Amino acid sequence: MEDLKFYEDKMNKTLDVLVSDYAAIRAGRANPHVLDKIRVDYYGTPTPIQQVGNVSVPEARMIVIQPWEKSLLKAIEKAILTSELGINPTNDGNCIRLVFPEMTEDRRKEVAKDVKKKGDGAKVAIRNIRRDANDALKKAEKAGDMSEDELAETTEKMQKLTDKMVERVDKLVEEKTKEIMTV
């Protein structure tokens with residue numbers, strides 16, 4: 001039954017969301033992806049920072065944003081201040097600097113907990129997709145579109161796929177936690 005491909009794609013999308021969420025979590029080092037969700041008011045349109053200027057990482061713990069128009073400096077500064085980034089931008093009239101402080105042990109543990117929570121959320125989403133798939137399979141069997149043996153076989157395949165995806169989530173959580181806890 002090629003319907004499993006549909007559910008596998010949904011599970012992969014869940015993993016992609018988790019990966020992008022993890023990219024936005026800062027681990028004491030400057031990562032331009034922390035700016036991905038921040039929007040700047042660009043002539044009345046919320047626009048990603050990467051589309052209104054050059055974003056670079058000149059040092060391990062600093063991001064420099066060089067806007068293409070100087071008039072955007074204040075808007076970029078305001079967008080960063082109102083975001084959940086928790087870093088005060090420095091505006092020198094030409095560019096904006098974001099200096100990432102070294103993370104404390106407590107902050108690392110807090111962020112690691114958040115990483116685990118996001119991982120658990122992804123696992124729940126994957127299991128919900130499995131449940132939806134199993135419900136659809138049972139309906140197909142009731143409607144006479146598949147035999148009992150096909151139902152059992154496909155349900156088993158779905159379970160193996162779910163186990164594989166949950167394993168990948170665990171691996172992502174472990175990698176990100178290790179990255180955060182490394183000083």
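How many nonpolar, polar and charged residues does the lining of the largest pocket have? The lining has seven nonpolar, three polar and eight charged residues, where Ala, Val, Leu, Ile, Met, Phe, Trp, Tyr, Cys and Pro count as nonpolar, Asp, Glu, Lys and Arg as charged, and the others, Gly among them, as polar. The model is predicted, and local features need pLDDT of at least 70, side-chain atom pairs count only at pLDDT 80 or more, and totals for chains, interfaces and linings use all residues. Residues are numbered from 1 along each chain as its sequence is written, and side-chain values use heavy atoms, with hydrogens and water left out.

The volume of this largest pocket is about 560 Å³, and 18 residues line it, those closest to its centre being Ala24, Ile25, Val34, Glu84 and Leu85. A pocket here is an open set of points on a 1 Å grid over the protein atoms alone, where a 1.4 Å probe fits, with protein on both sides within 12 Å along at least five of seven lines, and lining residues have an atom within 4 Å of a point. Helix 3 (105–142) supplies the largest share of the lining, four residues, and helix 2 (73–82) supplies at least two; helices are DSSP runs (H or I) of at least four residues, and strands (E) of at least two, numbered from the N terminus.

The structure also holds two aromatic pairs, meaning rings of Phe, Tyr or Trp (its six-membered ring) with centres within 6.5 Å, whose planes count as stacked under 30 degrees apart, edge-to-face over 60 and tilted for the rest. The rings of Phe6 and Tyr7 have centres 5.0 Å apart and planes at 75°, so this pair is edge-to-face. The rings of Tyr42 and Tyr43, with centres 4.8 Å apart and planes at 65°, are edge-to-face as well. Tyr43 lies in the loop between strand 1 (39–42) and strand 2 (45–48), and has a positive phi of about 50° although it is not a glycine. Tyr43 is exposed at 66% relative accessible area, whereas Tyr7 is buried at 12% (buried means under 20%, exposed over 50%, partly exposed in between, with a 1.4 Å probe and protein chains only).

Finally, the whole structure has 12 salt bridges, each a side-chain nitrogen of Lys or Arg within 4 Å of a carboxyl oxygen of Asp or Glu. One of them joins Lys5 and Asp9 (3.1 Å, N to O), four residues apart in helix 1 (residues 3–23), about one turn of the helix. Another joins Lys37 and Asp21, with the closest N and O atoms 3.5 Å apart, and this pair links distant parts of the chain, Lys37 being in the loop between helix 1 and strand 1 and Asp21 in helix 1, 16 residues apart.

Note on methods. Grid points are joined across faces, edges and corners, and a volume is the space filled by probe spheres set on the points.
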